[in-house]
Amino acid sequence: MSGTAAGLRLTVLGAGYLGVAHAACLAELGFDVLGVDTDAGRVSALSAGNLPFFEPRLEPLLRRGLESGRLRFTTSYAEAARFGEVHFMCVGTPQRADSPEADLSQLEACVSALGPLLEVPCLVVGKSTVPVGTAAALAGKLARLAPAGPAAELAWNPEFLREGHAVDDTLRPDRIVAGVQSRHAEAVLRRVYAAPLAAGSQFFVTDLATAELAKAAANSFLATKISFINAMSELCGAAGADVAVLAGILGADPRIGGAFLRPGLGFGGGCLPKDIRAFLASADQAGTGESLAFLREVDAINTRCRARMVDLARDLAGGSLAGTVIGVLGAAFKPDSDDIRDSPALDVAAALHDLGARVTVYDPVALDKARQAHPELGYAGSAVEAAADADVLLLLTEWREFTEADPEILGKVVARRNIADGRNALDEEAWLRAGWDYRALGRPYRAATSQPGPELFARADRGI
Ligand code: UGA
């Protein structure tokens, strides 16, 4: 096996959003990397340089890695065990179908498959989001299974990347958390992350449990921030106040900060919703559920956002959805991703359909996945096509293509100029000027003809 610029051979187990980004970025940094997935179709697509999902800037890195010979993919754990000095476990830990707990079966399967093949010293590094205590249990399992014994060591190095920003977040992370059981493991991780550390990423060395908690706590905090502002949105709705202005005022306090304080349809995706539920479930099991009880409310507020959005669409439609034509802009759970897992946009679109509306959805990249998951909905090839004849148009994922859309052009094709901005992302005044009735959760209703209120001036610098 050829050596590497950085002198370490790495494997990445699991070729999903996280694994492929990690593998391609490590190859970009000069390591020899072997990506492993049990899905042969995925492995051959990746080996041919085709990304099986949408992630900006990742495909060129994948291709560069393949062309350089530093990046390869396989389905063989035996090959991975022979090749790797460090093995990164990047498999999914989704929510279980029958409970709010995390489904750890992919991680268990990974250690069961790799462990018995590990005959030489190596570091096995977990990156997936897991309940605290999982890493210690897997370390015990590895010690029992690996012929190399304690020389096959386990560490935990949680991943904080955001979909849509995976390349930047992997090459230039804010922080790197090394949950380790020895100085040797710390030294190995310092070698792997030498480039981002030299570029200024913070490095935290800690125990396995703190590393696991770092990730669960971070996602819970982000979810709490979003639900906090959406709870304020409910109050603003009742009081006739404007949550967008309120968010701007709160965010101006540097102790609070404006990030993750954008009110609207709330959080979705494959991480935040299932992570807060799994965190809560694991605390319940450990008898410390009271300390995280607030996460139940965070989840409930978030779920209510979707129901409130359906109510708002019904109001705009004139009180009943039956037979109305609704255009939906956005299907992905957030912009710059084709991920539709627990997508608020698709949830709302499906609910409107169930209530009798004729719903047509457009998304720049998530249409195929949306069509598979919700064949009952209508789909369009452009925003204008989705808006055709609509009684109500909904902006549910804030793709730039939508936030920069011309309200005049869309206004020409709709039946009625009713827009609900589910992400507080549109230029409200531009839409009002173009004759639209503009509605958003937690904000005062202003019909097309109304004059700008004082809150518009207050909002000028809200920076959310
Ligand atoms: C999230 C975390 O941000 C990452 O740090 C973490 O690594 C990742 O989960 C994970 O656990 O793997 P991601 O799910 O890609 O990343 O997406 P976010 O950018 O966190 O957005 C989550 C949801 O919150 C989206 O539906 C977004 O529309 C929503 N959101 C975000 C709001 O409703 N308001 C905001 O102000 C911000």
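Two strands pair if DSSP finds at least two bridges between them; helices (H or I, at least four residues) and strands (E, at least two) are DSSP runs, numbered from the N terminus. The model is predicted, so local features need pLDDT of at least 70 and side-chain atom pairs pLDDT 80 or more, whereas totals for chains, interfaces and linings use all residues. Residues are numbered from 1 along each chain as its sequence is written, and side-chain values use heavy atoms, without hydrogens and water.

**Exercise 1.** Determine the strand order of the open sheet and its edges.

Step 1. Six strands, with parallel pairing, follow the order β11-β10-β9-β12-β13-β14.

Step 2. β11 (378-379) and β14 (437-439) each have a single partner strand, so one side of each lacks a neighbour in the sheet.

Step 3. Within the sheet, β12 (residues 392-395) and β13 (residues 418-421) pair in the parallel sense over three bridges. Leu395 stands opposite Asp421 in β13.

Step 4. Helix α13 (residues 294-316) packs on the sheet and touches β12, β13 and β14. Its direction makes about 165° with that of β13 (axes are lines fitted to C-alpha atoms, for helices over the stretch in contact, with angles from 0 to 180 degrees between N-to-C directions).

**Exercise 2.** Identify which residues touch the most other members of the largest nonpolar core.

Step 1. A nonpolar core joins buried Ala, Val, Leu, Ile, Met, Phe, Trp, Tyr and Cys residues through side-chain atoms within 4.5 Å. Buried means under 20% relative accessible area, exposed over 50%, and partly exposed in between (1.4 Å probe, protein chains only).

Step 2. The largest core has 56 residues, and Met309, Ile326, Leu352, Val359 and Leu394 touch the most other members.

Step 3. Beyond neighbours within four places in sequence, Leu394 is in contact (heavy atoms within 4.5 Å) with residues including Met309, Ile326, Val348 and Ala420.

**Exercise 3.** Classify the ring pair of Tyr362 and Phe402.

Step 1. Rings of Phe, Tyr and Trp (its six-membered ring) pair if their centres lie within 6.5 Å; planes under 30 degrees apart count as stacked, over 60 as edge-to-face and the rest as tilted.

Step 2. Tyr362 is buried at 8% relative accessibility, and Phe402 is buried at 1%.

Step 3. The centres are 5.8 Å apart and the planes lie at 70°, so Tyr362 and Phe402 form an edge-to-face pair.

Step 4. Tyr362 in strand β10 and Phe402 in helix α17 (residues 400-403) are 40 residues apart, and the pair links these distant parts of the chain.
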